[in-house]
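Work through the two exercises below with the sequence and the coordinates open beside you.

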Amino acid sequence: NLIEKAFGSNPSSLGIIAITNVPKLPSLRLRLLPLAQKLASLSPQELEEITVPEAEYQVGWSHGREKLEGDKLDYSKGSFYANPLTEDLTNSMLERRRLQRKQLNDNNSAEDD
C-alpha cells in the first residue's frame, strides 16, 4: 500500500506522498497561494477557530501540535490542511464551528429543561 509506505512507522517511510496528474493544477495553485497571506493575517483567536483537535489536526490550522523528536512539539512552523470541497474553507470552517457551538448550547439547554 503506497500510503503505508509513505507514512508508515517503518524507518524508510519518508512522511510524504506525491500526487500526480491533477487536472488544472497550475491555475488551482495560483488561486490557492495568495490565500496564505490571508491565513497569515488571521488573529490568534481566528486561527483557534479553524483548529480541529477532534480531527487530530489533520484538517484546519495546526501550530505546535506536531511532534518532531519524542515528545518535543514543533513550534517552528504552522500548517493548514485544506479540504478542496469548498471555495472558502476558512469561512466554511468558522461557520461550522459556530453551528457546532450553537448545537452544543441547544443540547445543553434541552438537558436543563
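**Exercise 1: the second largest pocket**

Give the volume of the second largest pocket, then name its lining and sort that lining by class.

Solution. The second largest pocket has a volume of about 250 Å³, where a pocket is an open set of points on a 1 Å grid over the protein atoms alone, with protein on both sides within 12 Å along at least five of seven lines, and lining residues have an atom within 4 Å of a point; the volume is the space filled by probe spheres set on points joined across faces, edges and corners. Its lining consists of Ile 17, Ile 19, Val 22, Leu 25, Gln 58, Tyr 81 and Ala 82. By class, this lining has 6 nonpolar, 1 polar and no charged residues.

The model is predicted, with local features needing pLDDT of at least 70 and side-chain atom pairs pLDDT 80 or more, while totals for chains, interfaces and linings use all residues. Residues are numbered from 1 along each chain as its sequence is written, and side-chain values use heavy atoms, without hydrogens and water.

**Exercise 2: Thr 51**

Locate Thr 51, decide whether it is buried or exposed, and find its partners.

Solution. Thr 51 lies in the loop between α4 (44–49) and β1 (60–63), helices (H or I, at least four residues) and strands (E, at least two) being DSSP runs numbered from the N terminus. Leaving aside neighbours within four places in sequence, Thr 51 is in contact (heavy atoms within 4.5 Å) with Tyr 57, Trp 61, Arg 65 and Arg 97.

Key. On a 1 Å grid over the protein atoms alone, a cavity is a set of points where a 1.4 Å probe fits but cannot get out, and a pocket is an open set with protein on both sides within 12 Å along at least five of seven lines; lining residues have an atom within 4 Å of a point. Ala, Val, Leu, Ile, Met, Phe, Trp, Tyr, Cys and Pro count as nonpolar, Asp, Glu, Lys and Arg as charged, and the others, Gly among them, as polar.
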